[in-house]
Amino acid sequence: MTETAMMPTYARIDLSFERGEGAYLFSTDGRRFLDFGSGIAVNALGHSHPHLVKVLQEQGAKLWHTSNLFRIPEGEKLAGRLCDASFADQVFFTNSGAEALECSIKVARKYQSHNGHPEKYRIICCNGSFHGRTLATIAAGGGEKLLAGFGPAVEGFDHVAFDNLNEMKAAITPETAAIMVEPVIGEGGIIPASHEYLKGLRETCDEFGLLLIFDEVQCGLGRTGKLFAHEWADVQPDIAASAKGIGGGFPLGACLATKEAAAGMVPGTHGSTYGGNPLATAVGNGVLDVVMAPGFLSSVIAISNYLNEALEKLTKRHSDKIDLVRGAGLMVGIKVAEAYPVGNVITALRENGLIAIPAAENTVRLLPPMIIEQSHVDEAAAILDKTFSELEG
Ligand SMILES: *Cc1c(COP(=O)(O)O)cnc(C)c1O
C-alpha cells in the first residue's frame, strides 16, 4: 500500500469509496458493494438518504455553528424529542460515543458527590465491553489491548463477567457510584444481555443507591427495533449514552439522563465547543424524523426477522463452519468456527461484494442500514452462502 501521512492506528483495507446510495457503496475502482457494515452502525438510514441530504443542505446554507454560549433551537428540539421518546429528562450533546460515555461517567460521579457521597466514584463495568478510546473509556473497557502503553489506567473502574448478576452484586462496595453495561455487547462479539439480567441490574442499583448507565452507542437509535435496546427488557436506566446511528453519518453523540441523575450538572460542570451545534442537531432531527415515523421501527423488526430466518438456514447449511448466530434486531453476529479466522471470512465476503465487520470471538458482524428490504437480505444471504461454501480453513 502507498505510504500516507495518516497516523497508522488502523490496519486499513486498501479500498476507498466515492459514492453511496441506500444500502450500496461504490468504490473508487468502480465496484459496487452491499454495505452491511454501515460504517460501524453509523449510516443507520443508509447512504445519501434523501431526507438527510435535504436537511443537511438546508441547514448548511443557513447556520453551522454558534457555540454553546447561546441557545440552539435545533438542539433543544432534538433533546426534547429524545426525552419524549425515552426515560430521559435531559440531554448533553457530544461529537462521539466516547464523549457521550465520558459525560455519563461524570454525571454518575457528580450525582453521588452532589448527594453527599463523594467517596462513591467507582463504576462497575463488564469484561469484553467497549466504551470508547479516551483515557477514561479505555479504563472502563478494561481490555489489555486498549490500555497497553498508555500509562496508569484512570482510577475507578471495576470489572466483572457480563450477564452475571451475582458477580455484579458481589463487586459492589461503599465506593461504588454506578453500574455501566452495553445492553447488547457490540465490539465484544454481538452478545445480548438477558432481560432478567438487565432487570436485576435495575433492582440492584435501586437497592444500593447506584445509578444505572446503559451504553447504547451501538445498539440504540432503532437498531434493535426499539429506539433503545433496553426497552425490550422493560427496564429504564438513569443515564444512557447514544451516538453512531444518531447522526446518520454526521458526528453526533448524546448523554441522556433523568433530571434526578443530572441534578449536579449545573453551569460550568461540563462542556463541549462543538457538541450539538446547529448543523449536527439539525441532522439528528432528520434521523429522528425517519426513525420515529409511524411504522418505521416495526419495519425494522420485520426485516430483522426475515434476516434471522435467512441466517438460520445459512447456519444449518454450514454447521461445520458456523458455531452460532446471535444478536438483536439488525445487530447480528455470526460466530465462525475457530478453524476459519474471521478476518479471512470478512475479506472473502468483500471480494464477493458484501461488506461486513469483524468483532471479537471470531464473529462476523452484520449491521445493515435500517432501510434495507427483502431483496437486500436475499442478496446478502446468497453472498454469505457462496462465501461459506468456498471457505477453506
Ligand atoms: C463505538 C462505540 C463507542 C465509542 O464511540 P466513538 O464514537 O468511537 O467514540 C462506545 N461504546 C460502544 C458500545 C460503541 O460501539
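In what sense do β1 and β2 pair, and over how many bridges? The two strands pair in the antiparallel sense, over four bridges. The model described in this report is predicted.

## The four-stranded sheet

Strands β1 and β2 belong to an open sheet of four strands, ordered β1-β2-β3-β15, in which the pairing is mixed. At its edges are β1 and β15 (354-355), each of which pairs on one side only. Helix α12, formed by residues 374-390, packs on this sheet and touches β2, β3 and β15. The direction of helix α12 makes about 105° with that of β3.

## Two hairpins

The hairpin of β1 and β2 has two residues between the strands, and Gly 22 there takes a positive phi near 60°. Across this pairing, Glu 21 has Tyr 24 in β2 as its bridge partner.

A further hairpin is formed by β2 and β3, with four residues between them. In its turn, Gly 30 has a positive phi of about 85°. The strands β2 and β3 also pair in the antiparallel sense, here over three bridges. Phe 26 stands opposite Arg 32 in β3.

## Side chains of strand β2

Strand β2 comprises residues 24-27. Tyr 24 and Phe 26 point one way from the strand, whereas Leu 25 and Ser 27 point the other way; all of them are buried.

The charged end of Arg 19 sits over the ring of Phe 26, at 4.0 Å from its centre. Likewise, the charged end of Arg 32 sits over the ring of Tyr 24, 4.0 Å from the centre of that ring.

## Aromatic pairs

How many aromatic pairs does the structure hold? There are two aromatic pairs. In the pair of Phe 17 and Phe 33, the ring centres are 5.8 Å apart and the planes stand at 90°, so the arrangement is edge-to-face. Phe 17 lies in strand β1 (residues 17-21) and Phe 33 in strand β3 (residues 32-35), so the pair ties together parts that are 16 residues apart in sequence. Phe 17 is partly exposed, with a relative accessible area of 33%, whereas Phe 33 is buried, with a relative accessible area of 2%.

The other pair consists of Phe 162 and Tyr 197, whose ring centres are 5.9 Å apart; their planes stand at 70°, so this pair is edge-to-face. The pair links distant parts of the chain, 35 residues apart. Phe 162 is in the loop between β6 and α7 (165-170), while Tyr 197 is in helix α8, which covers residues 195-208. Both Phe 162 and Tyr 197 are buried.

## The seven-stranded sheet

Seven strands form an open sheet in the order β4-β12-β11-β10-β7-β5-β6, with mixed pairing. Its edge strands are β4 (90-94) and β6 (157-160), each pairing on one side only. On average, neighbouring strands of this sheet are turned by 20° against each other, with direction ignored.

Cys 126 has Val 160 in β6 as its bridge partner. Which helix lies across β4 and β12? Helix α3, made up of residues 73-84, lies across β4 and β12 (253-257). Helix α3 runs at about 125° to β4.

Notes: Residues are numbered from 1 along each chain as its sequence is written. This is a predicted model: local features need pLDDT of at least 70, side-chain atom pairs count only at pLDDT 80 or more; totals for chains, interfaces and linings use all residues. Side-chain values use heavy atoms; hydrogens and water are left out. Two strands pair if DSSP finds at least two bridges between them. Axes are lines fitted to C-alpha atoms, for helices over the stretch in contact, and angles run from 0 to 180 degrees between N-to-C directions. Contact means heavy atoms within 4.5 Å. Rings of Phe, Tyr and Trp (its six-membered ring) pair if their centres lie within 6.5 Å; planes under 30 degrees apart count as stacked, over 60 as edge-to-face and the rest as tilted. Buried means under 20% relative accessible area, exposed over 50%, partly exposed in between (1.4 Å probe, protein chains only). A charge sits over a ring if NZ of Lys or CZ of Arg is within 6 Å of the ring centre and within 35 degrees of the ring normal.
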